[in-house]
Amino acid sequence: MKQTLQLRISQHLALTPQLQQSIRLLQLSTLELHQELEQILSENPMLERVDDPLDHSVRLLADGAVSAPAPTPAPGDSSGPEAAAPAGSEPEGSLENGETPDSGGNDSEWSFDDVARTAKAPEDDDARPQLEAHEVTLREHLLEQMRLTVREARDRALVELIVDALDENGYLEEPLEEIHARLPEELGIELDELNVALKLVQSFEPSGVGARHASECLALQIRRMPKVPLVTRRRALQIVENHLTLFAQRDFNKLKKALDCDDEDLREAQYVIRRCNPHPGALYASGSSDYVVPDVIVKKAKNGWQVTLNHDVMPRLRVNAMYANILKQSKGDGSLGSQLQEAKWLIKNMRQRFDTILRVAQAIVDRQRNFFSHGAVAMRPLVLREIADTLGLHESTISRVTTQKYMLTPHGMFELKYFFGSHVATEAGGEASSTAIRALIKQLIGAEDPKNPFSDSKIADMLGEQGMVVARRTVAKYREALKIPPVNLRKSL
C-alpha cells in the first residue's frame, strides 16, 4: 500500500482548560471547593483572598515590630481600599482586556463579590479563642472508678485488662477463656480472678457496661434500676433473660402465655425494659458531628419565594496588585502572565458557578412553590430535563449543580436533588410525586392505632381511595426508605 500525505479540514468540539475548570468547580461541594481553592492559592501568587480569616490577627513583622490589624470598614462604607466592586461590574482600569494596573491602582477591582465584611459587635468576646473541652472516653471513665474502688496492684491490672477488652458499646465480646489463654502462665492468674474482675467492671457506671450480650446488659440495668416493684422487676428480668426474641418481635400473645400475665402486667414490664440502654458505652463515643452549610437560602417575600446565595460560603478573590505591578514592570514575563490569566479564569468561573447555582435553585423553587407553602405532601413531580429546558442548560449541568448542594428552607435543610423525583399515576389521569407519596405514608402511619397498625396492603388501599394507584410492594419500598418498621414491629399493647 502506498503512503501519502493528505490535508483534511474538520471541525470538532474541544474542552478548553477554562471550560474544564468551570465544569470541575461546578460539581464540587462547598467543602471540596474551599479545599480546591486553598490548593490553587498556594500555587498561584497572582491570586489572593479578600476574606482571609487572618486579616484581623496581630502579625509579627520581619523587623520584630507588631502590626495591628486594619480597622474593619462598616458595611456601607466604600471609601477604604478594601471596598469591593459589585458583582458583574467592570471597574475602570480592569485587567479583563489584558491591561495591567499602575502602581497606584486600586485592588478592589479584583474583588470576587460585593459581600461586605460583617463587623463584630463591641460586646463580642474575641480576646481569646474558646477551647473545646476534653471528651472523657469510656476507658478513662471506668479506670477513674477503678482507682477509687480497687487498691491492690494485681487487681487493678486485671480490671484494666477487662476494660481494654471492651468494645465501643461497652460489651465484652471476647470470652474470658480466650483472654485467660493469652496470659503468660508464669503470672499464675486463675480464671476465677478474671470472673471477679469482670463482676467488678459490671458494677461500674454506666450501668450495663461489661456485659457479654444484650440480654446480660439489660439484666444488669434492670437489677440496678431504682423504684421498680419487685414483681415487675422479676417479670422484666424473666423477659430479657429467657424471652428477649419474642419481646423484640412484639409477639405479645406468646409472651403473656409464657409469663402467665395479663396486658397490664406485661405493659409495666415493657416500660421497665424500654428505660434501659442497650449500648451503654455509646454515651462516651468520640464521634464528631457533621454540619451541612447551605449554598442557598429560601425566604418568603411579598412577590413569592425568593432564593439568595449564602454569602458565608462564597470566597472573595482578587488579583494581587503587587505581583500585577511586577508583571507590568517586567513587560510580560511568561510565567507570571500565564498565572495572571489563570487567576482571571478562576475568578470568572467562580462567579459563573454561584450564578448557575442561584438560577437552578430559583427555577426549582418556582416549580415547587406548593412544597414551600404546604410541605412535602404538596411536592410535584420534577425531572432534570424540565429545569434544563427552562434555563437553556444541558441536563448533565443540572445534575452537577444539584449534587451535594444544599438549600435552607422553612421546612429544613434539603439537598437540591431532593426536589426531583419520579411520578405515580393517579386515577384522574394526573401525576403525583413519589416524595409526596412517602410523606402521605408517613402521615398515615403516624396517625394509626398502635394496637392495630396498618399493613402495607391497607396503606395501598387507603392511597387508592385518595386517587393514587400504588402497589403494595411500592408502599413497602417507600416505608423501608423512610426507615419505618413493618406492621408486626409497630404493634404495641
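**Basis.** I worked from a predicted model, in which local features need pLDDT of at least 70, side-chain atom pairs count only at pLDDT 80 or more, and totals for chains, interfaces and linings use all residues. Residues are numbered from 1 along each chain as its sequence is written, and side-chain values use heavy atoms, with hydrogens and water left out.

**Elements.** I found 20 helices and 10 strands in the protein; helices (H or I, at least four residues) and strands (E, at least two) are DSSP runs, numbered from the N terminus.

**Backbone.** I noted a cis peptide bond from glutamate 205 to proline 206, with omega near 5°. Proline 206 sits in the loop between helix H6 (191-202) and helix H7 (214-224). I then looked up arginine 250, whose phi is near 60°, a positive value in a residue other than glycine. Arginine 250 belongs to the loop between helix H9 (244-248) and helix H10 (252-259). Glutamine 404 likewise has a positive phi, near 60°, and lies in the loop between helix H16 (395-402) and strand S7 (406-409). For context, most residues other than glycine have a negative phi, and most peptide bonds are trans.

**Salt bridges.** A search of the whole structure gave me 19 salt bridges, each defined as a side-chain nitrogen of Lys or Arg within 4 Å of a carboxyl oxygen of Asp or Glu. I looked up the pair of arginine 49 and glutamate 38, which meet at 3.1 Å, N to O. Arginine 49 lies in strand S1 (residues 47-49) and glutamate 38 in helix H2 (residues 30-43), so the pair ties together parts 11 residues apart in sequence. Arginine 49 is buried at 17% relative accessible area, whereas glutamate 38 is partly exposed at 42%.

I next recorded the salt bridge between glutamate 448 and arginine 490 (2.8 Å, N to O). This pair links distant parts of the chain, 42 residues apart: glutamate 448 is in the loop between helix H17 (434-446) and helix H18 (456-465), and arginine 490 is in helix H20 (residues 487-490). Glutamate 448 is buried, with a relative accessible area of 10%, and arginine 490 is buried at 11%. I also noted that salt bridges with shared partners join Arg139, Glu160 and Asp164 into one network.

How values were computed. Buried < 20%, exposed > 50% of the residue type's maximum accessible area, 1.4 Å probe, protein only.
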